[in-house]
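Hi,

Here is the structure I said I would pass on. Have a look, and then read on for what turned up in it.

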Amino acid sequence: MGRQPSTRRLTDNECHDLLNCLPQELISRAALCRDEGHGTTVSYSRKVFIPLTQLCRDVCHYCTFAKPPSGLADAYLSPEQVLDIARAGAAMNCKEALFTLGDKPELRYPAARDALNNLGYDTTIEYLCAVAGLVYRETGLLPHLNPGVMTEAEIASLREVSVSMGIMLESTSGKLLKRGGCHFGSPDKNPQVRLATINSAGELGVPFTSGILIGIGETRADRIESLLALRKLHEQHGHLQEIIVQNFKAKPGTLMANATEPDLAELQWSIAVARLIFGAQMSIQAPPNLSAGHTVALVEAGINDWGGVSPLTPDHVNPEAPWPHLDDLSADTAKAGKVLVERLGIYPEYCRSASLHQWLAPTLHKSVLDFTDADGLARTDPWCPGTVDIDLPVQPVAPFYRKNSEIDNIIDRAFVGKDLSQAEVERLFAARGDEVVQITRAADQLRTQVSGETVSYVVTRNINYTNICYFKCRFCAFSKGKTSENLRGKPYNLNLEEIVGRARQAWDRGAVEVCLQGGIHPEYTGQTYLDILQSIKHALPEIHVHAFSPLEIHQGAETLGIPVREFLQRLIDAGLGSLPGTAAEILDDEVRSVICPDKINTAQWFDVINTAHQLNLKTTATIMFGHVDQPANWSRHLLALRDQQQRTGGFTELVPLPFVHMEAPLYRKGGCRRGPTWRECLLMHAVSRLVLHPHIPNIQTSWVKLGASGIKACLDAGANDVGGTLMNETITRAAGAGHGQEMTPQNLERILAESGRPSRQRTTLYKNAPEVQQRVSYRAPVLIPVSRAASAGPD
């Protein structure tokens, strides 16, 4: 799916009637329309500009980019020159490589044909295809291509090496092609030819950029006709990412050097009309360097995008107009009440996981997903969950930030325990810039009211009795089956003696709990889980057994041929203390069908949880986020947990689990993002605190996923618990995380003390841990490394 027309589409006649509206009325309507689709953000792409050739067969009367062969040292940039520019851009964190070039110069200049022949190519498009692919392979930058008019075959070849393409329609006015018009002598500026290129791009599923150039001899009515022509094609194919409204700038040395430039009012009128014609969802762009000092006015007129801005290369098409410094652009955007966000050369709607196969060549999928966050915008730092050698990103605070009243209203409702709607939760997850600070501070204040300053943790041991599993969860690097031998670790299956021995060792080191989970071994039945539980409780009657995910409960009941309720009651009778709310991942079947299609579905997960709560068996709740999911999925997940808690009250806590990507099969195959961004991690903890208040009082943060610095930050964003000491953490470690397998009480309390936070050891159900076990935990010996030798399994 590409961009869809706004719900209130203006008819063609209504679009023409915009000529009769007062300018300020248009601007006000356009701003409201823009806010409906894009909220408080204005985007840009961090790019490097590569002018592959400035030769062109056209002679546009306003252009200084195109030059004759005598005005150039070389007809084309060499591959080495292209790579030098691209590498410099990559070093400055650019993500887009914008290739701009003249139209088919080989059809006009022998020098172009000779140069192409020396390079080994017949056409400029062939050479562009080669160097765009080279840049992608060598630097990782994502090419956006502006080669002018193209055939369907040329578009198809360039689609394999680019994330997007573009051609400015400029105008449908035929008079511009006549003698005295700015396009006289420029065959590639024929509007029907350009519209044919745009149409072919749509038919081939290419994310595409187009727009109008105002002030070149056209009328306002002509602009409306041009925009309607673009809208018609977009409604057929859904492929137009953005509509650029560019103002003509007179340049010395051109035939239009003395032409009158459109003033700010004319530009605002054109932007507003473009917004109203295309509706709320379309991105409307105006280049900031062509309207220096007027950025606020452009935002007021309805834009939501600044286009590509380079920290390295000039605007070769408008060299007299330097790019604004990004810090200045951010400040100016904030003055307009908006937050500047970075995007890729391909817009969010086209680069989300579900859209990739429609809009991108397969070879580009992994790179695009690596660069994107859950909204499809650009990741702006290298951090990801599980990394140990990268500092946490610093959340920037915009200098002219205006506190967002919409967010304040949602926060106020959350504080008094009102049920937030899905739209409100999604708005919180959409926070950017200072909005994130606004939300995390509110969540921290609410945490203080609910839980005080003391941070809790539990001394526990994870015992994962087998990593052999016949389910095929695509995110899991822990389970081992026929298709996962190449992943980290070897298959193992612990026998009862080993399981009990580990539990005994945990008790002797001060644990009050053992947490038991594992893969779904093909030979396991419900009796296997009963045998494990009975063996531990026989040896250690006082230890709390927190065990068996809803998936294991569902499978165990099924193998015994009994209802879930009966199986749970048998486990309770055997000593089960509580149930981990894992196997939840994302409780939205839209996501589960991708990441765990053969696993229990959302309704089945809640059936197990609901039954457990009815039997007075407490459970935790989890959310694993940052793969193919989006904020809408997170919102539905949290609201489903809230609704369940309102019915049964059985959840003790929510545990946000940031996806660790490194060894995950889905990631290795290029099918998902590389975990959540740091902003998303903070928001997940903070938004969960607000959404689940007052129903779920405890929000946990994971040192295994986030490390010491990460849990400190999340404790200031709504979390009040840091989980368990674990002793043997294997699942996240198998996925590639590097934060270790155990966090001793001493180290955990030292980390918390550094943050000025007191701590307490707790039980699974949040009571104070017995003093005897606490004393034991502080003098526990070094943990003996465990053996994972394969065994006959529980018997």
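Before the details, one cut-off: a residue is buried under 20% relative accessible area and exposed over 50%, with partly exposed in between. Also keep in mind that this is a predicted model.

That cut-off matters for Asp35, which comes out as partly exposed at 31% relative accessibility. Asp35 has a salt-bridge partner in Lys338, with 2.6 Å from N to O. Lys338 sits in the loop between helix H11 (326-335) and strand S9 (339-343), while Asp35 belongs to helix H2 (residues 23-38), so this pair ties together parts that are 303 residues apart in sequence. The lysine end is the buried one here: Lys338 has a relative accessible area of 9%.

One joins Arg679 and Glu680, at 3.9 Å from N to O. Arg679 is buried at 9% relative accessibility, and Glu680 is buried too, at 2%. These two are also part of a network of salt bridges that takes in Asp373, Asp375 and Arg432.

The other is between Glu771 and Arg775, whose closest N and O atoms are 3.9 Å apart. Both are in helix H30 (residues 771-778), and being four residues apart puts about one helical turn between them. What about their exposure? Glu771 counts as exposed, at 60% relative accessibility, whereas Arg775 is partly exposed at 46%.

Now for some strands. Strand S3 (residues 142-146) has four of its five residues buried, so the rest of the structure largely encloses it. Which strands does S3 pair with? One is strand S2 (residues 96-101), in the parallel sense and over five bridges; within that pairing, Ala97 has Pro143 of S3 as its bridge partner. Another is strand S4 (residues 164-166), again in the parallel sense, over two bridges. There, His144 stands opposite Ser164 in S4. To get from S3 to S4 the chain goes through helix H6 (residues 152-159), and this β-α-β crossover is right-handed.

Cheers

Note on methods. Residues are numbered from 1 along each chain as its sequence is written. This is a predicted model: local features need pLDDT of at least 70, side-chain atom pairs count only at pLDDT 80 or more; totals for chains, interfaces and linings use all residues. Side-chain values use heavy atoms; hydrogens and water are left out. A salt bridge is a side-chain nitrogen of Lys or Arg within 4 Å of a carboxyl oxygen of Asp or Glu. Buried means under 20% relative accessible area, exposed over 50%, partly exposed in between (1.4 Å probe, protein chains only). Two strands pair if DSSP finds at least two bridges between them. A crossover is right-handed if, with the strands pointing away from the viewer, the path from the first strand over the helix to the second runs clockwise.
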